[in-house]
Amino acid sequence: VRSALLPRMAPIARALGARVTNDLVLPQLIAVLNEHRHSVLRCHALEAVEGVAAMVGPIAVETFLLPCILRVLADADEAVVAAAVTCLQRLVRARLCPPTALPEVSQRGVPLLCHPN
């Protein structure tokens with residue numbers, strides 16, 4: 001069920017609104033990001049972050065989502081790390097990553113862009 005819902009998370013979040021997305025969807029997304037046994041599911045969750053972030057706003061992104069995404073940057077699965085870097089890039093480009101978080105995002109993300117893989 002989760003793998004079917006994650007790719008459709010942006011329209012679901014828009015339909016539910018900011019409050020319900022914050023109260024119900026955000027905790028589920030965080031749980032998937034913290035689930036280390038399912039790499040594909042985590043990649044789908046990282047792809048869904050931008051749509052959810054647009055509904056919950058930059059404060060929730062900085063408080064709840066960024067710590068999970070930054071933790072994923074150290075994952076053993078390269079596909080998950082690549083998805084996390086892409087996720088961070090989308091959040092920054094969409095201005096959903098608060099300026100106060102940019103130094104840490106840069107510090108953790110930029111070295112991965114230089115990695116040969």
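Q: How do α2 and α3 pack, in terms of angle and axis distance?
A: In this predicted model, helix α2 (residues 9–33) packs with helix α3 (residues 39–56) at an angle of about 135 degrees, and their axes are 8 Å apart.

Q: Which orientation is that, then?
A: Angles under 35 degrees count as roughly parallel, over 145 as roughly antiparallel and 65 to 115 as roughly perpendicular, with the rest oblique. The helices α2 and α3 are therefore oblique to each other.

Q: Is the crossing of α2 and α3 left-handed or right-handed?
A: The crossing of α2 and α3 is left-handed.

Q: And what residues does that contact have, by class?
A: The contact of α2 with α3 has 17 nonpolar residues, together with 4 polar and 2 charged ones.

Q: What about α2 and α4; at what angle do their axes cross?
A: The axes of α2 and helix α4 (residues 58–72) cross at roughly 15 degrees and come within 10 Å. The two helices α2 and α4 are therefore roughly parallel to each other. The crossing in which α2 passes α4 is left-handed.

Q: Which residues make the contact?
A: From α2, the contact is made by Asn22, Leu26, Leu29, Ile30 and Leu33. From α4, the residues are Ala60, Phe64, Leu65, Cys68 and Val72. By class, the contact of α2 with α4 has 9 nonpolar residues, 1 polar residue and no charged residues.

Q: Turning to α3 and α5, how are their axes placed?
A: The axes of α3 and helix α5 (residues 78–93) come within 9 Å and cross at roughly 5 degrees. Accordingly, α3 and α5 are roughly parallel to each other.

Q: Which residues meet there?
A: On the α3 side they are Ser39, Arg42, Cys43, Leu46, Glu47, Val49, Glu50 and Ala53. These meet Ala79, Val80, Ala83, Ala84, Cys87, Arg90 and Leu91 in α5. The contact of α3 with α5 divides into 10 nonpolar, 1 polar and 4 charged residues.

Q: Stepping back, how many helices and strands does the protein chain have?
A: The protein chain has 6 helices and 0 strands, and its pattern along the sequence is α-α-α-α-α-α.

Q: Why is the chain described as compact?
A: Its radius of gyration is 13 Å, close to the 13 Å that the globule rule gives for 117 residues, so the protein chain is as compact as a globular protein of that length. The C-alpha trace spans about 40 × 30 × 20 Å along its principal axes.

Q: What pLDDT does the chain average, and which element has the lowest mean?
A: The protein chain averages a pLDDT of 88, and 95% of the residues score at least 70. Among the elements, helix α6 (residues 102–113) has the lowest mean pLDDT, 73, whereas α3 has the highest, 94. Where pLDDT is low, the predicted coordinates should not be read in detail.

Terms used:
Residues numbered from 1 in each chain as written. Predicted model: local features only at pLDDT ≥ 70, side-chain atom pairs only at ≥ 80, totals over all residues. Heavy atoms only, no water. Axes fitted to C-alpha atoms, helices over the stretch in contact; angles between N-to-C directions. Helix = DSSP H or I, 4+ residues; strand = E, 2+ residues; numbered from the N terminus. Left-handed = near helix turned anticlockwise from the far one by under 90°. Nonpolar A, V, L, I, M, F, W, Y, C, P; charged D, E, K, R; others polar. pLDDT = per-residue confidence, 0-100. Contact = heavy atoms within 4.5 Å. Rg over C-alpha atoms; globule rule 2.2 N^0.38 Å.
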